[in-house]
Amino acid sequence: MVQSKKQKYTFLAFCLLPTFILFAIFTLYPLFSGLYFSFFDWSGSSSNKEFIGFANYIKLFNDVIIPKTIIHDYFLVVTKIIGIMILAIFFAVALTQLKIKEAPFYRVVFFFPNIMSVVVIGILWTFIYNPSLGLVNSGLEFLGLEKWAKPWLGDEKWALPSLVLPAVWAGIGLFMLMLMGGIANITKSYYEAAKIDGASEWQQFWKITLPLVWPQIKVSILYIVITTLNGSFILVQVMTGGGPNNATHVMGSYLYQQAFKQYNFGYGATIGVMILVLSLITVLFLQFLMRREKVEY
């Protein structure tokens with residue numbers, strides 16, 4: 001059926017307008033509202049807002065806790081990328097290349113944490129790390145390593161590293177399935193030709209599998225970075241609350257503390273602007289760093 005340009009544009013507007021409205025309400029409006037409130041001294045619950053210009057940003061640069069939160073966030077970013085990607089690639093290759101009969105069962109097992117709430121995961125691992133009844137210290141005592149037992153979440157040195165394990169555990173399944181989809185689409189003849197040429201399993205992985213699933217790896221890394229910088233505060237709030245002595249505060253948890261506990265909503269909005277800027281810079285840098293020529297089948 002022949003349609004006029006007006007009918008085509010009307011149809012496109014009809015399809016795109018609802019999405020744009022939702023995007024404006026839930027993304028653009030909070031974004032510009034946060035930027036607007038960052039120029040005010042406001043408790044968040046009062047009708048009185050005092051315009052203070054860049055005072056909150058000056059306070060931000062002089063806040064001694066802010067550098068710590070940035071370091072903690074990027075520590076989680078780096079450790080999660082390393083931990084999740086190594087394990088996700090390993091399990092994805094194992095479940096697709098080794099022809100394990102129980103592969104469907106293992107897919108469900110690895111993906112199960114992804115359907116759990118982050119709050120539930122945090123509570124679960126809080127019990128696992130419990131100094132008296134937790135599985136970690138109980139396991140160490142069972143193995144005769146009592147001297148290694150410690151209050152993991154209450155130790156300033158070990159509290160932040162202790163958050164890495166639950167974060168990695170919760171993220172493996174999703175990225176494993178993404179990589180399995182990429183590996184499943186690789187033509188089997190490539191591996192057959194490599195075997196005929198005498199390539200080892202490791203050489204096949206390095207020269208065939210890894211280059212051809214690079215798009216999935218790149219998307220996975222960017223997704224981990226974005227979700228960590230913007231969402232790791234949930235796990236922190238549930239498991240440590242930023243303690244002990246600010247040893248686990250990330251930018252998001254510090255924002256929450258300032259805005260909703262100390263009622264410095266304007267300063268909290270300023271921290272939110274900082275998170276946005278750092279996230280954009282990090283993503284752009286990684287896209288530049290991970291750029292490479294497209295590999296075609």
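Predicted model: local features only at pLDDT ≥ 70, side-chain atom pairs only at ≥ 80, totals over all residues.
Residues are numbered from 1 along each chain as its sequence is written, and side-chain values use heavy atoms, with hydrogens and water left out.

The chain has 12 helices and two strands, where helices (H or I, at least four residues) and strands (E, at least two) are DSSP runs numbered from the N terminus. Along the sequence these elements follow the pattern α-β-β-α-α-α-α-α-α-α-α-α-α-α, and the C-alpha atoms fill a box of roughly 80 × 75 × 30 Å along the principal axes.

Two packed helices are described by the angle between their axes and the distance between the axes. Here axes are lines fitted to C-alpha atoms, for helices over the stretch in contact, and angles run from 0 to 180 degrees between N-to-C directions. The axes of α3 (residues 65–97) and α10 come within 9 Å and cross at roughly 145°, in a crossing that is right-handed, a term used if the near helix is turned clockwise from the far one by less than a right angle. In this contact (heavy atoms within 4.5 Å), D73, Y74, L76, V77, K80, I81, I84, M85 and I89 of α3 meet I217, S220, I221, I224, V225, T228, L229 and S232 of α10. These residues comprise 12 nonpolar, three polar and two charged, with Ala, Val, Leu, Ile, Met, Phe, Trp, Tyr, Cys and Pro counted as nonpolar, Asp, Glu, Lys and Arg as charged, and the others, Gly among them, as polar.

For α8 (residues 188–196) and α9 (residues 201–212), the axes come within 10 Å and cross at roughly 165°; the two helices are therefore roughly antiparallel to each other, the term for angles over 145 degrees. The crossing of α8 and α9 is also right-handed, and the contact is made by Y190, Y191, A194 and K195 of α8 with Q204, I208, T209 and L212 of α9.

Grid points are joined across faces, edges and corners, and a volume is the space filled by probe spheres set on the points. The largest pocket holds about 710 Å³ and is lined by 23 residues, of which P30, L31, G34, G272 and V273 lie nearest its centre. Helix α1 gives the most to this lining, with nine residues, and the lining as a whole has 16 nonpolar, seven polar and no charged residues.

One cavity of 30 Å³ or more is found in the whole structure. The largest cavity is lined by I89, L179, I183, F205, T209, L210, V213 and I217, and α9 supplies the largest share, three residues.

In the loop between α10 and α11 lies P244, and the peptide bond from G243 to P244 is cis, with omega near -5°.

Definitions and conventions. 1 Å grid on protein atoms, 1.4 Å probe; cavity = no way out; pocket = protein on both sides within 12 Å on 5 of 7 lines; lining within 4 Å. Parallel < 35°, antiparallel > 145°, perpendicular 65-115°, else oblique.
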